Amino acid sequence: MSSTVYLVPSVLDETATHTIPLYIIDAVKNCSVIFAENERTARRFLKSICKEIVIDDYEWFAIHKAEEEQVNNFRQKIKEAKNIAIISEAGCPGVADPGQVLVEAAQQMNAMVKPLVGPSSILLALMASGMNGQHFEFIGYLPIDSIEKTRVLKEIENTSQKKNSTQIFIETPYRNDQLIETILKTCRPSSQLCIAADLTGANEFVKTKTIADWKKEKTSFHKKPAIFLLKA
């Protein structure tokens, strides 16, 4: 018997349990070990999708940026032929997510890795943006330092123009408004910016406008989970 590693997507919005396919419940029930980015959130998530799941029947490990000790624990569970679920804090494990290091270890050990369907903020934002979905790049977080952030924004805008590509990036929710302010000051009036916030939630917002048009809007995305797409 060999180990199967299930990559279990979680909700982007706590109320959006309808975005999780039913077959994910079967996958979780087929596991005996859970590695979660945030154990408390993952426990709450599992209870919300299926009240029958007995949370304490599982062996729990917190990923915590996949420290070496946790990777060793993970390898040990694969050697024991245990079925393992990896659960991200929000969205899909392994995509902009510390669980990637565990998936890498699973591949190195020739374990079966099963990615499961669920919400990904990156793909949902790209789908709804109207920007180039054939050629895109996910940058992750931009630098915190304002001079460095401006430099990187100019760089990705130039890359977008040169390659006809969509550039996707994120920010810590409480810094969203400062980021938008910097984008509007830095980028060309004709460049397009898409802001996608509260995806799958009741207040979902996805709009694509030119920088010139965004400057005419009064917007605040303070503390809202958001994703940004730029196309020159």
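Reply: Let's follow the open sheet, whose five strands come in the order β3-β2-β4-β1-β5 and pair in parallel. Its edge strands, each pairing on one side only, are β3 (59-62) and β5 (112-115). Strands (E, at least two residues) and helices (H or I, at least four) are DSSP runs numbered from the N terminus, and two strands pair if DSSP finds at least two bridges between them.

This is a predicted model, in which local features need pLDDT of at least 70 and side-chain atom pairs count only at pLDDT 80 or more, while totals for chains, interfaces and linings use all residues. Residues are numbered from 1 along each chain as its sequence is written, and side-chain values use heavy atoms, leaving out hydrogens and water.

Axes here are lines fitted to C-alpha atoms (for helices, over the stretch in contact), and angles run from 0 to 180 degrees between N-to-C directions.

Now zoom in on one pair: β1 (residues 4-8) joins β4 (residues 84-87) in the parallel sense, over four bridges. Here Val5 stands opposite Ile84 in β4.

Next come the helices on the sheet. Helix α3 (residues 68-79) packs on it, touching β1, β2 (33-36), β3 and β4, where contact means heavy atoms within 4.5 Å. The direction of α3 makes about 150° with that of β3. Helix α4 (residues 100-108) lies across β1, β2, β4 and β5, and α4 runs at about 140° to β5.
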